[in-house]
Amino acid sequence: MAYRNNNWNNNNGGGYRNNNYNRGNGGYNNNNNYQNNKPTPKRSGAKYSVIGKGEFKGHLIVNAWNKSRSKGMITAKVAPYKDSQEYTAKTSGKTYITMIAEVFYRDTGQKLIVPCSMNKQTRVIVLSDLGMVITPNGSGQTSGGVKVTGYFGKFSR
């Protein structure tokens, strides 16, 4: 009974043959998105805007979204409210402003009103009741090709 190893190529002088190497492409042939040069689409984003009129002129308003397999599409609108206050954390000395977030789960139709705080220096918003954070750091494109910034997702503990 003869044993045949498909990686052993007797036609090529008896050397080892790597089936994943494609010489015509100039390198290894992996079937990822590297071949069509499309970036992986973002699954979350946030847009920070400055309020131009009214009582909260100069403050920030934030629109954020997150698309996940388990919870579907989640949107959040974060803005100051009439009782918003600035405060300084005793332990860190950082300044925060209290805000209110309206969180909407599109798949279930559930709408939540959640109090939150925004770090004035970094503009990071913590939604501790949900275990999520909104941050202006991020870049990329949606699956439709729209350029977006920001991140809205889980805490990284």
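The following dialogue explains how several labels are assigned in this predicted model.

Residues are numbered from 1 along each chain as its sequence is written, and side-chain values use heavy atoms, without hydrogens and water. Because the model is predicted, local features need pLDDT of at least 70 and side-chain atom pairs count only at pLDDT 80 or more, while totals for chains, interfaces and linings use all residues.

User: Why does arginine 106 count as exposed?

Analyst: Exposed means over 50% relative accessible area, buried under 20%, and partly exposed in between (1.4 Å probe, protein chains only). Arginine 106 has 53% relative accessibility, so it counts as exposed. Arginine 106 lies in the loop between β9 (95-105) and β10 (110-119); strands are DSSP runs (E, at least two residues), numbered from the N terminus.

User: Why does serine 117 count as buried?

Analyst: The relative accessibility of serine 117 is 19%, so this residue counts as buried. Serine 117 belongs to strand β10.

User: What makes the contact of glutamate 86 and lysine 120 a salt bridge?

Analyst: A salt bridge requires a side-chain nitrogen of Lys or Arg within 4 Å of a carboxyl oxygen of Asp or Glu. For glutamate 86 and lysine 120, the N to O distance is 2.6 Å. Glutamate 86 lies in strand β8 (residues 86-88) and lysine 120 in the loop between β10 and β11, so the pair ties together parts that are 34 residues apart in sequence.

User: Why is glutamate 86 called partly exposed?

Analyst: Glutamate 86 has a relative accessible area of 48%, and is therefore partly exposed. Lysine 120, at 40%, is likewise partly exposed.

Conventions
Helices (H or I, at least four residues) and strands (E, at least two) are DSSP runs, numbered from the N terminus.
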